[in-house]
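Me: Please walk me through the aromatic rings here, and then the packing around them. Take your time over it.

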Amino acid sequence: MGIESELSGRNDILANGRKISGNAMFSKNGRMFSHGTLMFDADIDEVVNALRPKKEKIESKGIKSVRSRVTNVKEMLEDKTMSVEDFRLEILKSIFGGLDQVKYYELTDEDWAAIHKISEERYQKWEWNYGKSPKFNIQRSKKFASGFIDLRLTVNKGTMQDVHIFGDFFGIGDMKDIEEALIGKRYEKQAIEEAVAHLDIPRYFGGTSLADFIDLMY
């Protein structure tokens with residue numbers, strides 16, 4: 001299509017030195033799963049908003065910004081009127097050696113029923129989306145009328161394992177009551193609310209409301 005492009009590193013495709021595609025994959029039980037992007041006419045500003053790498057990472061790679069690094073295929077085409085559907089057809093034509101060689105499969109009602117069943121039984125469940133998440137740490141802090149509250153959490157496989165609360169607020173009660181109530185619970189808003197529902201949160205934090213505490217945690 002007249003665009004100078006090349007594979008770069010392990011998973012990128014660059015065009016004129018700028019990224020138009022990123023890919024990732026993993027293998028398990030003798031199977032490989034691969035997924036990737038191909039930026040045709042994306043809103044670059046929204047891409048930048050979604051990707052916020054650490055400042056140190058950008059500097060270490062000599063990149064001025066994410067915006068300067070990525071681009072759209074459409075920007076480099078002579079025909080700026082090409083639609084994403086036309087682009088899709090060009091890809092199919094290249095892969096299959098002509099549009100007349102492309103094979104299509106129409107999903108039946110039985111197929112859709114099976115798809116929805118798998119979605120409901122697996123992919124819509126919390127265990128699939130969050131229950132296998134890797135371990136990560138969260139630090140949240142905010143100044144309230146009652147004082148400064150600093151939260152430190154360790155979350156593994158979607159549940160809170162370590163919870164520590166610090167601050168200069170003047171409340172009544174031991175923070176261990178709240179910390180122990182949260183340990184082992186799912187890191188999600190409803191689970192947090194249910195875990196501390198029996199505790200008088202304003203009393204512990206000198207007036208800070210339950211809603212403000214939940215917003216700080218999640």
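Reply: Searching the whole structure turns up seven aromatic pairs, where Phe, Tyr and Trp rings (the six-membered one for Trp) pair if their centres lie within 6.5 Å, with planes under 30 degrees apart called stacked, over 60 edge-to-face and the rest tilted. Take Tyr123 and Trp128: their ring centres are 4.9 Å apart and the planes sit at 85°, so this pair is edge-to-face. This is a predicted model, so local features need pLDDT of at least 70 and side-chain atom pairs count only at pLDDT 80 or more, while totals for chains, interfaces and linings use all residues. Residues are numbered from 1 along each chain as its sequence is written, and side-chain values use heavy atoms, without hydrogens or water.

Tyr123 is partly exposed, at 39% relative accessibility, and Trp128 is partly exposed at 39% too (buried is under 20% relative accessible area, exposed over 50%, partly exposed in between, with a 1.4 Å probe and protein chains only). Over the face of Trp126 lies Arg186, 4.0 Å from the ring centre; the test is NZ of Lys or CZ of Arg within 6 Å of the centre and within 35 degrees of the ring normal.

Ring pairs also join Phe169, Phe205 and Phe213 into a cluster. Phe205 and Phe213 turn up again in the largest nonpolar core, which has 26 residues, and they are among those with the most contacts inside it, along with Ile165, Ile178 and Leu182. Such a core is a set of buried Ala, Val, Leu, Ile, Met, Phe, Trp, Tyr and Cys residues joined through side-chain atoms within 4.5 Å. Ile165 touches Phe205 and Phe213, and its other partners include Met175 and Ile178, leaving aside residues up to four places away in sequence (contact is heavy atoms within 4.5 Å).
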